[in-house]
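Dear colleague,

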Amino acid sequence: MKPEVTKSVSNLQELLAIQQQLASIAEQIEDLSTTVKRVEQGQYNDRYAGFFSARQQIIEAFVTEDSELKRIGFKNATLTANNTLAQLMLTMRTDIVEYIDPSTKPKQAARIGERIGEALTYINATVQLNLMANTAIGEKRAVEVTLANYKGFLDNSLLIEDKHGRSIAQRIDDYQKGDSGTMDQKTGQLMNSIEGVLQIENKDKKEINHE
């Protein structure tokens with residue numbers, strides 16, 4: 001074979017070897033990405049498990065006949081719910097920061113957006129469990145504190161504004177496609193409901209004090 005042909009074949013073999021290596025690396029990266037996703041989902045599943053645990057404790061407390069055990073069951077449910085809320089709220093705040101970061105790639109942002117929506121659903125449901133358990137044992141003050149804590153979370157996460165006056169909820173809606181305004185609208189409605197309940201609680205307190 002001529003030298004130039006031999007050199008060409010040699011280069012081709014090197015290119016094929018490099019392509020095989022790149023293919024292997026790409027496969028490893030894909031495997032790693034899948035593993036990361038599974039770890040992320042596993043971490044979220046651990047947090048979501050708290051909701052199901054609190055719900056089961058409330059169900060058992062409702063059917064328990066002994067009044068003292070019933071009260072203990074509801075109190076344990078609120079402890080589980082509070083721990084779950086703390087974890088979910090902290091994680092969601094971290095996700096929001098990453099979600100609205102301009103350097104976050106669209107594909108990654110889409111995945112984070114799904115997590116935010118899912119986490120918010122569980123947060124809302126867990127707050128409801130907490131309110132249910134505290135109401136069942138007549139802990140009106142605990143109900144008020146739960147609502148105030150949730151209002152504070154919304155104020156300091158979804159409703160905090162940037163220098164242009166846009167809230168995080170509005171910025172999240174800007175990233176969404178085909179469902180614009182949903183996060184901002186639902187957050188506003190939720191805040192109005194919470195403030196309405198807190199106003200009633202404060203009014204009842206004033207009336208009791210006057211009496």
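Are tyrosine 48 and tyrosine 122 buried or exposed? Both tyrosine 48 and tyrosine 122 are buried, where buried means under 20% relative accessible area, exposed over 50% and partly exposed in between, with a 1.4 Å probe and protein chains only. This is a predicted model, in which local features need pLDDT of at least 70 and side-chain atom pairs count only at pLDDT 80 or more, while totals for chains, interfaces and linings use all residues. Residues are numbered from 1 along each chain as its sequence is written, and side-chain values use heavy atoms, with hydrogens and water left out.

The count comes to 6 aromatic pairs, taking rings of Phe, Tyr and Trp (its six-membered ring) whose centres lie within 6.5 Å, and calling planes under 30 degrees apart stacked, over 60 edge-to-face and the rest tilted. One of them is the stacked pair of tyrosine 48 and tyrosine 122, at 4.0 Å centre to centre and 10° between the planes. Tyrosine 48 lies in helix α1 and tyrosine 122 in helix α3 (residues 106-136), so the pair ties together parts that are 74 residues apart in sequence; helices here are DSSP runs (H or I, at least four residues), numbered from the N terminus.

Phenylalanine 52 and tyrosine 122 form an edge-to-face pair, with 6.0 Å centre to centre and 70° between the planes. This pair also links distant parts of the chain, since phenylalanine 52 is in helix α1 and tyrosine 122 in helix α3, 70 residues apart. Phenylalanine 52 counts as partly exposed because its relative accessibility is 38%, and Tyr48, Phe51, Phe52 and Tyr122 form one aromatic cluster.

With regards

Notes. Helices (H or I, at least four residues) and strands (E, at least two) are DSSP runs, numbered from the N terminus.
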